[in-house]
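Q: I have a new structure to read. Can you walk me through it, feature by feature?

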Amino acid sequence: MQFYISKQNLNMKTMKLLIKKIILSITLSFVSFTAICQISVIEKNNEFKVYDNYKLIDTLHATVAQIAEVHHLQKIRQLTKDHYYYEFPYAGNLGIRFNSLGKVKSEVYEGLNWGGSKFLKSIIIDGDCAVELSALDVTEKNATDYRYRVVQNDNQELVSWTKPSVFKYTSDKRFKYAYLGQFNYVPGQVLKVEIYNTKNFKQQDALLIDWRKVEPAEVGSYIQYISKSFHLPDNGLLSIWLNEIKKLPSEKKIKFMRKDTVVTMPGSLNFIETTSINDVKFRLGDSLQNVSFRITNGKRLYNYRISLKREVDGYTDSIDFGETNDKFVLYKEFWKNPGKYKIIFTPKIHKHGGEPITLLHSLDTSISFTVLPALDVRHSIPLRAVILMAFVLAIIIALLFLYYRKRQKHFLEAEAQRRQIATLQLQSVRSQLNPHFMFNALAGIQNLMNKNEIELANKYLARFARITRSVLDDGNKELTAIEHEADLLNDYLQMEQLRFGFTFNINVDDIDQQIEIPAMLLQPFVENAVKHGVSTLKDKGLITVGIAKNDNDLILSVSDNGKGFNDKQTTGIGIKLCKERIKLLNSIYKNSTILLHKNVQSNNGTLITVELKNWL
């Protein structure tokens with residue numbers, strides 16, 4: 001089935017509607033401004049004051065018109081307290097009150113305005129409550145000038161045009177109002193209540209009351225396109241159902257002039273690719289203009305929020321198109337790329353009394369379709385453009401390469417300079433450590449000589465000479481083998497053992513002892529353990545040196561069983577130089593970090609640990 005719609009007529013109709021909306025908005029703004037300038041109301045603490053041209057109305061000196069206006073506003077306020085629904089202070093004639101007489105809890109929603117420029121109210125009731133109707137402007141004096149009626153479902157009058165005849169007092173007994181009756185729930189019922197003044201037809205009001213259930217949108221959808229073989233005037237568009245199934249051309253026998261004739265039946269349009277009604281597909285093409293949707297289950301008193309979800313090239317997004325309860329056109333610019341699309345219609349209702357908007361996602365209606373690439377799409381680029389783009393690209397690549405080379409050269413030069421400076425600083429620290437060590441050893445020899453312990457002094461001196469030879473041989477080497485470092489520590493501890501008589505252990509794990517570590521890294525801490533740890537314990541003193549492996553880390557440790565020492569005792573030049581040396585080593589060996597830990601326990605000795613992280 002196809003529909004023929006004139007694109008020009010559609011555009012003209014849209015333009016006329018837009019102009020009407022603009023004129024209507026300007027008119028309403030002017031009317032509202034005029035009304036505010038004449039009579040205005042300010043509410044505070046559940047009380048209100050009435051102003052005329054920004055001056056408070058004094059009822060003792062007010063005009064008859066002003067007193068009537070105040071009386072009218074007080075009547076509206078009292079009716080709202082009596083649970084009649086009026087918009088204070090600018091209320092219409094008709095009011096409605098809800099009576100929950102049924103078994104089902106009822107929810108009340110504000111429907112859309114209707115009646116064109118009159119902006120008449122509508123009410124949606126989800127439940128089985130009854131309603132009572134009132135007329136604000138009708139009094140016993142002017143009742144003969146008014147007529148009202150109630151129509152059910154636009155086809156049956158429940159109340160014919162009649163004069164209001166029943167009047168009731170408000171709960172405070174101050175005001176009388178016209179009571180138009182009570183109307184009970186009927187499934188699927190829509191009541192239209194109308195009232196007007198026979199002497200002034202402009203004084204009219206109407207109200208729609210809808211008991212129908214809020215339901216999902218029933219949507220018809222179709223593609224609009226232009227056909228070169230079937231041209232319509234004024235660039236008219238042809239339409240085909242969105243879920244049209246793809247059909248191949250076929251032959252069919254028919255009777256023509258009493259003879260069997262074979263007729264070729266045309267297939268589907270070339271952009272249709274749908275093979276299942278649940279999997280709608282079509283191809284892009286220049287002839288396609290838009291996808292149109294029409295809500296077919298009647299204009300309801302609420303709108304449907306429209307949103308589009310798109311999955312294109314691995315990206316997902318969502319677009320909100322506002323709301324409607326009639327028709328919607330999805331233009332090509334929103335589905336111009338191949339991908340998956342889903343358009344969703346969600347009922348949108350307003351809670352009674354100005355509460356937040358509610359979107360009933362459980363009643364969503366969604367229509368999915370897949371847009372495929374166009375057939376025989378060829379993109380040709382002129383040869384001159386290709387050459388130009390290649391030339392520009394080559395220049396950009398060359399410039400980037402030169403920039404990278406220059407930057408890398410500067411980086412390497414700066415890094416080499418930094419390492420050279422750090423190495424010189426490290427050598428300076430090493431050169432300060434060696435004299436410090438020798439000074440302490442000579443002081444020990446002097447101490448033995450002063451005690452006239454000649455034999456021990458000679459042994460001490462022999463050990464010292466061996467250590468000095470080793471230090472001088474490796475003076476320019478920053479790294480030394482574990483085996484060599486352990487021998488050096490053993491010689492030093494044997495030398496000091498001659499003076500203080502302590503015992504010591506050097507424990508090296510089953511690791512390759514040719515692995516290099518910073519030379520004399522532990523010596524200042526071993527010297528500190530002798531001087532501050534076990535020097536006073538004599539043969540009860542114990543020093544333990546450990547070199548262990550932990551995954552890719554080396555753990556170097558020095559422990560003693562002395563009385564421990566505080567931070568003030570670790571401020572000697574040897575410890576300071578060692579800490580500075582570790583800092584310089586960390587600046588040179590970026591991939592390995594050296595960490596120093598100290599654990600001092602009163603009367604239980606001291607444990608110094610040096611971690612060489614990622615050293616192996």
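Q: Which residues have the most contacts inside the largest nonpolar core?
A: This is a predicted model. Its largest nonpolar core has 42 residues. Those with the most contacts inside it are L493, F502, I543, L556, V610 and L612. Several elements each supply at least two residues of this core, among them helix 3, helix 4 (454-473), strand 30 (542-550) and strand 33 (606-613). Helix 5 gives the most, with 7 residues.

Q: What is I543 in contact with, leaving aside its neighbours within four places in sequence?
A: Its partners include L493, F502, A529, V530 and V534. I543 also touches T503, F504, N505, S559 and D560. A second, separate core has 36 residues, including I124, V190, I223 and V291.

Q: How many helices and strands does the protein have?
A: There are 7 helices and 33 strands. The protein has 616 residues, and 38% of them are buried. Look at the contacts with a separation of 6 or more: residues 24 or more positions apart account for 66% of these. The accessible surface comes to about 37400 Å², and carbon and sulfur atoms hold 54% of it.

Q: How do I read a helix? Which residues of helix 5 are buried?
A: Start with the general idea. An α-helix has 3.6 residues a turn, so residues three or four places apart point the same way. Now the case here. Helix 5 runs over residues 482-500 and has 19 residues. From first C-alpha to last it reaches 26 Å, close to the 27 Å expected. Its buried residues are I482, E485, A486, L488, L489, D491, Y492, L493, M495, E496 and F500. Just after the helix, G501 takes a positive phi of about 75°.

Q: Where is I343, and is it buried or exposed?
A: I343 sits in strand 24, residues 339-351. It is buried, because its relative accessible area is 0%. Beyond its neighbours within four places in sequence, I343 contacts F293, I306, S307, L308, F328, T365, S366 and I367.

Q: Is L400 buried or exposed?
A: L400 is found in helix 3, residues 383-450. It counts as exposed, because its relative accessibility is 55%. L400 belongs to a nonpolar patch on the surface. Other members include L388, F391, V392 and I395. Together the patch has about 900 Å² of accessible area.

Q: How many salt bridges are there?
A: First the idea. Side chains of opposite charge can pair when their charged atoms come close. Here the count comes to 19 salt bridges. One of them joins K213 and D126, with the closest N and O atoms 3.2 Å apart. This pair links distant parts of the chain, 87 residues apart. K213 lies in the loop between strand 14 and strand 15, and D126 in strand 7. K213 is exposed at 57%, whereas D126 is partly exposed at 28%.

Q: Which strands hold K613 and D553?
A: Their side chains meet in a salt bridge of 3.3 Å, N to O. K613 lies in strand 33 and D553 in strand 31, so the pair ties together parts 60 residues apart in sequence. K613 is partly exposed, at 27%. D553 counts as buried, at 10%.

Q: Which residues join into one network of salt bridges?
A: Salt bridges that share partners join R149, E157 and E194.

Terms used. Residues numbered from 1 in each chain as written. Predicted model: local features only at pLDDT ≥ 70, side-chain atom pairs only at ≥ 80, totals over all residues. Heavy atoms only, no water. Helix = DSSP H or I, 4+ residues; strand = E, 2+ residues; numbered from the N terminus. Buried < 20%, exposed > 50% of the residue type's maximum accessible area, 1.4 Å probe, protein only. Contact = heavy atoms within 4.5 Å. Expected span 1.5 Å × (residues − 1). Patch = residues over 30% accessible without salt bridge, like charges linked within 9 Å, V, L, I, M, F, W, Y side chains within 5 Å. Areas by Shrake-Rupley, 256 points an atom, 1.4 Å probe, with all protein chains shown as cover. Salt bridge = Lys/Arg side-chain N within 4 Å of Asp/Glu carboxyl O. Core = buried A, V, L, I, M, F, W, Y, C linked by side-chain atoms within 4.5 Å.
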